[in-house]
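Trainee: Could you take me through one part of this model in close-up?

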Amino acid sequence: MGRISAQERRESVIRAAIAEFAIAGYHGTTTTAIARRVGVTQPYLFRLFPDKKAVFVTALTRSMEDTHLAFEGAADGAEDAERALQAMTNAYAQLISTSPETLLMQMQGYAVVAAAEAQGDDVIGELVRDGWMRIRETVHLSLGADTDRTAVFFACGMLGTTLAAIGLPQNAGRRGSVPEGRSVSASPPRRAG
């Protein structure tokens, strides 16, 4: 078996960081945990990245880019907005079911923005806003620049991501689907139209 290059090791660290930060967040994740997951020493990790924030920013950037590419790839070649919507919805569901850490990493990024900016650090906020707008633009244009469809797509997607984050199945957000052992006291009103 050959040696792993620094670039391959860096890629492994990024994937490990996404997994660790997705679970424990920025403050709850240690660089030791990330290094351990990859099988490297902490000093080696710091040869690849200058500090924990750089690891977080790189992991967050990657998770947003992976999401952007998933939607862009799904919509590519779609004959119309309806087919693009179905393809991107399927891509979102695929991300939630096979790579939930990608989306949960982004949620951790959203959570860090206000605290970082309160301390005068707007790097993460700018990254999150830019990344989110790039994802939104891809979806929006793929849906024929329909603002309402774009909003519904993201609302449903965020619901799915939130359900994954709290350990409920994706269909728990649908009317009449309550996981066994749980109850719902009231149903939301039906929307006309």
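Trainee: Which residues does Tyr 44 touch, not counting residues up to four places away in sequence?

Mentor: Tyr 44 touches Ala 6 and Arg 9, leaving out residues up to four places away in sequence; contact here means heavy atoms within 4.5 Å. Before going on, a word on ground rules: this is a predicted model, where local features need pLDDT of at least 70, side-chain atom pairs count only at pLDDT 80 or more, and totals for chains, interfaces and linings use all residues. Residues are numbered from 1 along each chain as its sequence is written, and side-chain values use heavy atoms, with hydrogens and water left out.

Back to Tyr 44, then. Tyr 44 sits in helix H3, helices being DSSP runs of H or I with at least four residues, numbered from the N terminus. Its relative accessible area is 19%, so Tyr 44 is buried (under 20% is buried, over 50% exposed, partly exposed in between, with a 1.4 Å probe and protein chains only). Arg 9 is 35 residues away along the chain, and the C-alpha atoms of Tyr 44 and Arg 9 are 9.8 Å apart.

Arg 9 also has a part in another contact: Arg 9 is among the H1 residues that meet Ala 33, Ile 34, Arg 37 and Val 38 in H2. By class, the contact of H1 with H2 has 9 nonpolar, 1 polar and 3 charged residues (Ala, Val, Leu, Ile, Met, Phe, Trp, Tyr, Cys and Pro count as nonpolar, Asp, Glu, Lys and Arg as charged, and the others, Gly among them, as polar). Phe 21 is another of the H1 residues in that contact.

How values were computed
Helices (H or I, at least four residues) and strands (E, at least two) are DSSP runs, numbered from the N terminus.
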